[in-house]
Amino acid sequence: MKEAPMFQASLDPVAGNLALSAAVACVPLVAFFVLLAVCKLKAHVSAAIALAISFLVAVFAFGMPAPLAALSATQGAAYGAFPIVFIIILAVWFYEVTVLSGRFADLRRFFDIVGGGDVRIQAVLIAFCFGGLLEALAGFGAPIAITATMVLALGIRPLRAALAVLIANTAPVAYGAVATPITMAGNMVSGGDAAVASATSQHVAAIVGVQAPLFAAVVPLLVCAVLDGKHGVRDCWPPALVCGMSFAVVQWWCSNNFAYELTDVMATLASLGITIAFMRVWKPRGVEQSRARFGLPESSAADDAQLTPVRAWMALLPYAVVIAVFAVGKLAIPGVLSGFDIKIPWPGLAGNVLTAVGANPGTTYTLPLLSNPGSMLLVAGIIVAAIYAVFNGGGEFKMGMGQAARALVDTAWKMRTSCLTIVLVLALAYVMNFSGMTMCIGELLAETGVLFALLSPVLGWVGTAVTGSDTSANALFSSLQHSVAQANPALAGASPDLFLAANTMGGVVGKMISPQSLAIAALATGEHESTLFRKILPWSLAFLAVLCALVFLQSGVLAAMVP
């Protein structure tokens, strides 16, 4: 039998020159971005071409044997399919179950009532709180599509509605899709060790938990400004700050002290509950004047006779169930669930690929059958579907388990191209990592010294702005960020995990300008993507500037802020 090829990555394989090697290593990424943003090819087509280019660069420039380059792509694709794609499909399906049950209409009626007749506050509750819940469970554009339609239905003009939901979507992105971006960051630098991946992800989540709340605290106020200018800020600042601050506090606490995958769920529910309680003692201001500016008729008393306490509870039930299931899975029996994980040394790859320093780059694939968030979402979805099937309001809310099962198949089919993109991006990331391309780029960036701390979030911003996914941005750049932090003497006092958090947060503020987000918002509101881009870009750049300054300070004088 022919002996398997061996390969050890090199930092300067192209003419023995680090700068030239790094430039060649950038070719697959540059190709991906140009094909997607300039040539306007579909995301999965761009990813497929970039993957092919990465294979050629790995083989002909970095000297990786072709069989090992191909096997690297298959391991990345496997991880992209399970658990990442599995989690995303189950998260969107969970939302679809609430829609099929007919209870979603009650949820919308609930927002109408608790907003006190003020469409600006209703829009904040929908775009920020409910959108945050959707981001927590689904992400990948679903919150923008759903909340933009709901805010538009309130009577908000299309451009303002689109901008409002794009800005509101900023706060929860890091922990979106049950914190998939953060989990991805931990896995990309773990070397295939599940324990290291878990510990790294938790630390990154904690660091993001002291960065993201600083933005989240003011986002509802910014949404009010977008909706109604200075009048919105003047009239609505008390509930807006209550909404944002309560979200920020719970986001910090949950990410540092609870199951980080549930951070957005806990923060949005707490923010929603506290804001609703505040609205019971605070009278909305300038309601009729704002309605006149929006071109709406005078408000009338909310029709709350139809929404009984029981129906309101049933509309909110799914989110209570998902919290309970995750609390049990992540806090009560995590060891039991992880005991079913299957570790697979990737055939033909394990033992045959080494990093430039002679370490295993992560050639063991872990199959988390029960411990992954997707499995927990499946359990939560089944429980919710069963409850809705039994307690159907005397037949008014008709949904059987068969409908829920068909919805799962339909969801997977509808998301097939988005899922394919994620699989291909992960395959690309693994080829770049195992061949040494990512480390090569990182070594060159390490020579920027302490300045890299200022530039670090830009990588995540660019990655998410182009791919539309913070998860994909972390797949592309996590290893690079981590390697730079470890190799750069000027950053010796900073935790490498700070730069994983910086990459994640860069993706957070880049999400609003991604072609995917803009296209979804444009489709939902009827606005043109180019108009939205021109209006939203200054907001994204302002957020990025603040973030870059924050990370730079946290790497030095504000190091005490880093958990």
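About 50 Å³ of space lies in the second largest cavity of this predicted model. The structure contains three cavities of 30 Å³ or more. The lining of the second largest cavity is formed by Ile121, Val124, Leu125, Cys224, Cys236, Pro239, Ala240, Cys243 and Thr275. Two or more lining residues come from each of the elements H6 and H11. Helix H11 gives the largest share of this lining, five residues. Sorted by class, the residues that line the second largest cavity are eight nonpolar and one polar, with no charged residues.

Arginine 120, in helix H6 (residues 119–137), and aspartate 228, in helix H11 (residues 219–257), are 108 residues apart and connect distant parts of the chain. Their side chains meet in a salt bridge with an N to O distance of 3.0 Å. Arginine 120 and aspartate 228 are both buried. For aspartate 228, the relative accessibility is 7%, and the residue therefore counts as buried, the limit being under 20% relative accessible area.

Aspartate 228 forms a salt bridge with arginine 293 as well, and the closest N and O atoms of this pair are 2.7 Å apart. Arginine 293 has 27% relative accessibility and so counts as partly exposed.

A salt bridge is also found between aspartate 235 and arginine 234, where the closest N and O atoms are 3.4 Å apart. Aspartate 235 counts as buried because its relative accessibility is 7%. Through shared partners, salt bridges join Asp118, Arg120, Asp228, Arg234, Asp235 and Arg293 into one network. Over the whole structure, the search finds seven salt bridges.

Helix H20 (452–467) and helix H24 (529–554) each contribute at least two residues to the nonpolar patch. With a relative accessible area of 42%, leucine 451 is partly exposed.

How values were computed:
Residues are numbered from 1 along each chain as its sequence is written. This is a predicted model: local features need pLDDT of at least 70, side-chain atom pairs count only at pLDDT 80 or more; totals for chains, interfaces and linings use all residues. Side-chain values use heavy atoms; hydrogens and water are left out. A salt bridge is a side-chain nitrogen of Lys or Arg within 4 Å of a carboxyl oxygen of Asp or Glu. Helices (H or I, at least four residues) and strands (E, at least two) are DSSP runs, numbered from the N terminus. Buried means under 20% relative accessible area, exposed over 50%, partly exposed in between (1.4 Å probe, protein chains only). On a 1 Å grid over the protein atoms alone, a cavity is a set of points where a 1.4 Å probe fits but cannot get out, and a pocket is an open set with protein on both sides within 12 Å along at least five of seven lines; lining residues have an atom within 4 Å of a point. Grid points are joined across faces, edges and corners, and a volume is the space filled by probe spheres set on the points. Ala, Val, Leu, Ile, Met, Phe, Trp, Tyr, Cys and Pro count as nonpolar, Asp, Glu, Lys and Arg as charged, and the others, Gly among them, as polar.
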